[in-house]
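Here are some brief notes for a first look. Please keep the structure open while you read.

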Amino acid sequence: MMKNKLDIELDEVQRLFESHSKDLALKKIDKILKKNNKNYLPYNYRGLISLSLEKVDLALQDFKKALSLNNQFSEGYCNLGNTYLRLNEFEKASESYQKALSLNPSSIEIKINMGMLYFKMGEYDKAVNTYQIILRENSQLEYVHQLIADALIQNYKHTESISHHQEAIKINPFNALNYFLLGRDYLWKGEKKLAIDNIKKSIEINPKHYASYLAISKLESLLLKPMIPTMEAFLKENITLLDKAFIYFSLAKFYEDQKDYENSFNLLLMGNKSMKQHNKFDFKNYEKELKESINFFEENIESTNIHNKYIENKQSPIFIVGMPRSGTSLIEQILSNHPSIFGAGELDTIHNSLLQLIKIKKINQSLIESFIFSLRKKYFDRLRVISDKPFIIDKLPLNFFWIGYIKKIFPNAKILYTERHPISISFSLFKTMFSEGSLDFSYDQEDIVNFYKLHIKFIEYWYTKYPNDILKINYEHFISNSEEISTKIFKFLGLEFDLNYLNLKNNSRSVMTASDLQVRDKIHHENSKNWSPYEIYLEKFKNAY
């Protein structure tokens, strides 16, 4: 069939878009719309381009316009759902996807997007169930195996996650990402050799899989030595800021292990600069948003007896909070050696949910109670999936923003606060490349200092309100007096302490944080001043504290 003029022009827009000439594609579609403003397809195209350019509001307008011209356009509803998902408007995203599915029940793409919505909402069981349904229809979908593995990991189903990454490799043994993801699984499980073998394989298949170099630097940096000329050549190419950061941080780790601290620090500066530019992080906006949590607590939560509807639950959460890199992982590893305690790592449920709560503009007591009750149920449901042990550790450090909320939602929760020398924390943050989108403040020395001071204000505020509910643990004191402090911690939790709990090698649980390798070894006394070889370069930190 002969294509009409509009189809030919839209094909040209598609070609420009796929060749990364998005601005040209946008100009082309604008011209098309001047002559075809009653046709739904050009609006859909422009919406897709705008969404890829982070012009989310414009994308929303165009998808709505396309649907007003054709309310049977399932792809348009799917795209509208994707836009709402980008805006974290989960209910509207769900409604859009459901409408899309009603029009096109067999669409794999829409079902995948539903799974991704559940994942972003923290409804990991629903995400897993959705992906399982898809795989029953077609077990050869590589991408769905990757997605279900990510959802399973969130619920500590690491064996199942590994099996899905292995399935993805069977489907496509030439995709470097599959080996990287499997290697990351083994890294989290502490199986170092298998982690190295798979991540090396990812580099063999695709030498430009930049994240693999960072993983190798963590596992055994000396393996990077023959790769350094190739890595340095990458930095001269036109690669993304994120990819440059992977290379800079990898090389910095290599040179640190070779005790070439000057070279290492210069590479850290470049890596952090790349991440700062990539993230476009604005500390002032971040600070303003989080400070609102205190106002919201005082105005809407503090005087409310919201635990009237307390859900009976046999499990008690233990929250370990504090600055990232302050020793939270070490404390969790020791505590989870106790047979009644499961270390669940950094659960994002509380932090993400309460960030959404304080953004609600029209708030009332009924809405707050409903929100809190739903959050409490959602959290306990997640704990039950993760483990059946009576105590579950949630060590997301940033939960220090929400201590008052936590005590209202979970009156029986235990809260441990870890503190450490501020320069140790600050430099440890500065030398670590975290997963994308988390701890974006850590790529600028001034932002780190400001965040540290903000965290102190929160801790002091909550401590005045809950002095008997927060146990402070000093990292430096702990590593010098582990038995004494551990006894105190277990007494605070109402549990017996055994000296064997201090043996980190007794613990085989998976660890999915930046401390994944360190906490499997032993308590290192020298870590208390890990920044000393770099001292001459850390004037900003030294002058700040």
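1. Strand S4 (residues 414–419) runs parallel to S5, and the two are joined over five bridges. Look for Tyr 417: Lys 472 in S5 stands opposite this residue. Bear in mind that the model is predicted.

2. Now the whole sheet. Five strands form an open sheet with parallel pairing, in the order S2-S3-S1-S4-S5. Which strands stand at the edges? They are S2 (341–343) and S5 (470–474). Each has a single partner strand, so one side of each is left without a neighbour in the sheet. From one strand to the next, the twist averages 25°.

3. A helix covers part of this sheet. Helix H20 (residues 365–386) packs on the sheet and touches S1 (316–322), S2 and S3 (391–394). The directions of H20 and S1 make an angle of about 100°.

4. Turn to the interior. Nonpolar side chains tend to be buried together in soluble globular proteins. Here the largest nonpolar core has 105 residues. Within this core, Phe 401 and Tyr 405 touch the most other members. Helix H15 (residues 241–257) gives the most to the core, with ten residues.

5. There is also a separate core. This second one has 32 residues, including Val 56, Ile 112, Ile 134 and Leu 152.

6. Last, zoom in on Phe 401. Which residues is Phe 401 in contact with, leaving aside its neighbours within four places in sequence? The contacts are Tyr 286, Leu 290, Ser 293, His 351, Phe 451, Leu 454, Phe 458 and Trp 462.

Notes:
Residues numbered from 1 in each chain as written. Predicted model: local features only at pLDDT ≥ 70, side-chain atom pairs only at ≥ 80, totals over all residues. Heavy atoms only, no water. Core = buried A, V, L, I, M, F, W, Y, C linked by side-chain atoms within 4.5 Å. Buried < 20%, exposed > 50% of the residue type's maximum accessible area, 1.4 Å probe, protein only. Helix = DSSP H or I, 4+ residues; strand = E, 2+ residues; numbered from the N terminus. Contact = heavy atoms within 4.5 Å. Pairing = 2+ DSSP bridges. Axes fitted to C-alpha atoms, helices over the stretch in contact; angles between N-to-C directions.
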